[in-house]
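Please look through the structure below before reading on. The paragraphs that follow take it helix by helix and contact by contact.

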Amino acid sequence: MEKEKNVERRIEAQQALSLSMLTSAVITTLVNGILTIIKETTPLKDYFKAVFGHHWTGHGVVLFIIFLILSILFVPVYNGRSYTSKLFTKLTTALVASVLIMLALTLGFFLFEFLE
């Protein structure tokens, strides 16, 4: 009986972490597009280059840190919450939408810069 409860708790913890990471990925993806534009239009690009050796390395490090922090912060939101395929589907749809938004934002920005 105790073993079954431990297994259930581990499954719930894994589900909370999975949902937390999925939520974090949605937000981090949107931040990626915004950070790209900010980096290209401000001295942040030079700062990243000076600190990390290359601006894309700094960009990746910042996104990784954001993803990690948000993943940890969202665990309590999903902990103890029953997992449903509907919630997973909504978050997955949000991730796809955020990738498409980020793609359009970044592509639009670089096309605008190219044509200017």
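Which residues in α1 meet which residues in α2? On the α1 side they are Leu 35, Ile 38, Lys 39 and Glu 40, and on the α2 side Leu 44, Lys 45 and Phe 48. By class, the residues of this contact are four nonpolar and three charged, with no polar residue. This is a predicted model, and the contacts described here are computed from it.

Two packed helices are described by the angle between their axes and the distance between the axes. For α1 and α2, which spans residues 44-52, the angle is about 95 degrees and the axes are 5 Å apart. Angles of 65 to 115 degrees count as roughly perpendicular, and α1 and α2 are therefore roughly perpendicular to each other.

Helix α2 also packs on α3. Their axes come within 7 Å and cross at roughly 90 degrees, which makes α2 roughly perpendicular to α3. From α2, the residues in this contact are Lys 45, Phe 48, Lys 49 and Phe 52. From α3, they are His 55, Thr 57, Gly 58, His 59, Val 61 and Val 62. Sorted by class, the contact of α2 with α3 holds four nonpolar, four polar and two charged residues.

Is Phe 52 buried or partly exposed? Its relative accessibility is 33%, so Phe 52 counts as partly exposed. Leaving out residues up to four places away in sequence, Phe 52 touches Thr 57, Gly 58 and Val 61.

Next comes α3 itself. This helix has 24 residues and reaches 34 Å from its first C-alpha to its last, close to the 34 Å expected at 1.5 Å a residue. Its buried residues are His 55, Gly 58, His 59, Leu 63, Leu 70, Ser 71, Phe 74 and Tyr 78. They pack against α1, α2 and α4. After α3 comes Gly 80, which has a positive phi, near 85 degrees.

Ser 20 lies in α1 and is buried, with a relative accessible area of 0%. Apart from residues up to four places away in sequence, Ser 20 touches Leu 70, Ser 71, Ile 72, Phe 74, Val 75 and Tyr 78. Among these, Leu 70, Ser 71, Phe 74 and Tyr 78 are buried residues of α3. Val 31 is also in α1, but its relative accessible area is 25%, so Val 31 is partly exposed. Leaving aside neighbours within four places in sequence, Val 31 is in contact with Leu 63 and Ile 66. The C-alpha atoms of Val 31 and Phe 67 are separated by 9.9 Å, although these residues are 36 apart along the chain.

Helix α4 has 31 residues and reaches 44 Å from its first C-alpha to its last, close to the 45 Å expected at 1.5 Å a residue. Which residues of α4 are buried? They are Leu 87, Leu 91, Ser 98, Met 102, Thr 106 and Phe 109. What covers them includes α1 and α3. An α-helix has 3.6 residues a turn, so residues three or four places apart point the same way.

Leu 87, in α4, has 15% relative accessibility, so this residue counts as buried. Setting aside neighbours within four places in sequence, Leu 87 is in contact with Leu 19, Tyr 78 and Arg 81. The C-alpha atoms of Leu 87 and Gly 60 are separated by 28 Å, and the two residues are 27 apart along the chain.

The last topic is the nonpolar core. The largest one has eight residues: Ala 16, Leu 19, Leu 22, Leu 70, Phe 74, Tyr 78, Leu 87 and Leu 91. Helices α1 (2-41), α3 (55-78) and α4 (85-115) each supply at least two residues of this core. Leu 19 and Tyr 78, both members of the core, are among the residues that Leu 87 touches.

Note on methods. Residues numbered from 1 in each chain as written. Predicted model: local features only at pLDDT ≥ 70, side-chain atom pairs only at ≥ 80, totals over all residues. Heavy atoms only, no water. Core = buried A, V, L, I, M, F, W, Y, C linked by side-chain atoms within 4.5 Å. Buried < 20%, exposed > 50% of the residue type's maximum accessible area, 1.4 Å probe, protein only. Helix = DSSP H or I, 4+ residues; strand = E, 2+ residues; numbered from the N terminus. Contact = heavy atoms within 4.5 Å. Axes fitted to C-alpha atoms, helices over the stretch in contact; angles between N-to-C directions. Parallel < 35°, antiparallel > 145°, perpendicular 65-115°, else oblique. Nonpolar A, V, L, I, M, F, W, Y, C, P; charged D, E, K, R; others polar. Expected span 1.5 Å × (residues − 1).
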